[in-house]
Every structure is written in structure tokens, then in C-alpha cells.
Amino acid sequence: MEKDGNIVVEVIWLNKNVESGKPHDIRIIENGKEYFIEVKSTKDDKKSFFEVSREQWKRMKEKGNNFYIYRVYSIGAEKPKIEEIQNPAKLWKEDKIEAYPIRIKI
């Protein structure tokens, strides 16, 4: 997005043409600040567990409040539901979301 010839918001869709393998799907730069977004979708309309890669989990912890998961339910339906989850790693630490299974490496 531009305003008066200056880029105000830049949206980079990493998987536009093919899966990029990056630990997030979208990167947004707004006023010099970066935001990272991972989109998880399902045809189902119920809350359910979804897969998160090790690299995605590391990125979530690293980026904190600048990392979001957008959970999309009822994909392909007339009115899909979208849930925004900011800083999922912190929410997990605070016991506000569940994450299973847990794998431990020593």
C-alpha cells in the first residue's frame, strides 16, 4: 500500500506460487515494524488441533507479539470464521492454549 508515493504497508505472501518452506506464510512490514503470519485452515467448523512445525514454533517464540496465527474454519463455505491468535508461544506458556504432542530433546 502506498500513500503520497511512499510505501506505508508492504505485504509479502511467501506461498503465493508454491510452498516456500518458511516458518510463516505472510510477512507484513508497516512503518518499519515486521509482523509474521501463519495461516491454518480447515473445512471443519469446530476447533481442533493443527500441525505446527518445529521451525514455526521456533519462529513463534522468537517473534513474540509480532507473530500471529490466523485460524480459518469452514474454508470454502459462504461464511468462514477467522480467529486471530497473537503470540501463541506466550499463550501456551500462560496455559491459555493447548499444544500436544510435546517432544523433548536433551
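**View 1. Lysine 47, an exposed loop residue.** Lysine 47 is exposed, with a relative accessible area of 59%. The model shown here and in the other views is predicted. Lysine 47 sits in the loop that links E5 and H1. Its contacts, not counting residues up to four places away in sequence, are Tyr73, Lys81 and Glu83. The C-alpha atom of lysine 47 is separated by 9.1 Å from that of arginine 71. Along the chain, these two residues are 24 residues apart.

**View 2. The five-stranded sheet.** The sheet is open and has five strands. Their order is E3-E4-E5-E6-E7, and the pairing is mixed. The edges belong to strand E3 (9–13) and strand E7 (81–86). Each edge strand has a single partner, so one side of each is left without a neighbour in the sheet. Neighbouring strands of this sheet are turned against each other by 20 degrees on average, direction ignored. Strands of a sheet pair through backbone hydrogen bonds, either parallel or antiparallel.

View 3. Strand E4 (residues 26–30) pairs with strand E5 (residues 33–41) in the antiparallel sense. Five bridges hold this pairing. Isoleucine 26 faces isoleucine 37 of E5 across the pair. Glutamate 30 has lysine 33 in E5 as its bridge partner. E4 and E5 form a hairpin, with two residues between them.

**View 4. Two loop residues with positive phi.** Most residues other than glycine have a negative phi, and most peptide bonds are trans. Asparagine 31 has a phi near 50 degrees, a positive value in a residue other than glycine. Asparagine 31 belongs to the loop between E4 and E5. Serine 74 also has a positive phi, near 60 degrees. Serine 74 is found in the loop between E6 and E7. Which of the two is buried and which is exposed? Asparagine 31 is exposed, at 68% relative accessible area. Serine 74 counts as buried, at 14% relative accessibility.

**View 5. Strand E6 and its two partners.** Six of the seven residues of E6 are buried, so this strand is largely enclosed by the rest of the structure. E5 and E6 run parallel, joined by six bridges. Phenylalanine 36 has phenylalanine 67 in E6 as its bridge partner. The chain passes from E5 through H1 to E6, and this β-α-β crossover is right-handed. Tyrosine 68 stands opposite glutamine 86 of E7.

**View 6. Helix H1 against the sheet.** E4 and E5 are antiparallel partners in this sheet, with five bridges. Helix H1 (residues 54–63) packs on the sheet. H1 touches E5 and strand E6 (67–73). The direction of H1 makes about 130 degrees with that of E6.

**View 7. Histidine 24, a buried loop residue.** Histidine 24 lies in the loop between E3 and E4. Is histidine 24 buried or exposed? Histidine 24 is buried, with a relative accessible area of 4%. Its side chain makes a polar contact with the side chain of arginine 59, at 3.2 Å. Leaving aside neighbours within four places in sequence, histidine 24 is in contact with Leu14, Phe36, Ile37, Glu38, Arg59 and Phe67.

View 8. The structure holds three aromatic pairs. One of these pairs is formed by tyrosine 35 and tyrosine 68. The pair is tilted, with 6.5 Å centre to centre and 55 degrees between the planes. Tyrosine 35 lies in strand E5 and tyrosine 68 in strand E6, so the pair ties together parts that are 33 residues apart in sequence. Both tyrosine 35 and tyrosine 68 are buried. Tyr35, Tyr68 and Tyr70 make up one aromatic cluster.

Conventions:
Residues are numbered from 1 along each chain as its sequence is written. This is a predicted model: local features need pLDDT of at least 70, side-chain atom pairs count only at pLDDT 80 or more; totals for chains, interfaces and linings use all residues. Side-chain values use heavy atoms; hydrogens and water are left out. Two strands pair if DSSP finds at least two bridges between them. Helices (H or I, at least four residues) and strands (E, at least two) are DSSP runs, numbered from the N terminus. Axes are lines fitted to C-alpha atoms, for helices over the stretch in contact, and angles run from 0 to 180 degrees between N-to-C directions. Contact means heavy atoms within 4.5 Å. Buried means under 20% relative accessible area, exposed over 50%, partly exposed in between (1.4 Å probe, protein chains only). A crossover is right-handed if, with the strands pointing away from the viewer, the path from the first strand over the helix to the second runs clockwise. A polar contact is a pair of N or O atoms within 3.5 Å; within protein, one must be able to donate a hydrogen and the other to accept it, and residues adjacent in sequence count only if both atoms are side-chain atoms. Rings of Phe, Tyr and Trp (its six-membered ring) pair if their centres lie within 6.5 Å; planes under 30 degrees apart count as stacked, over 60 as edge-to-face and the rest as tilted.
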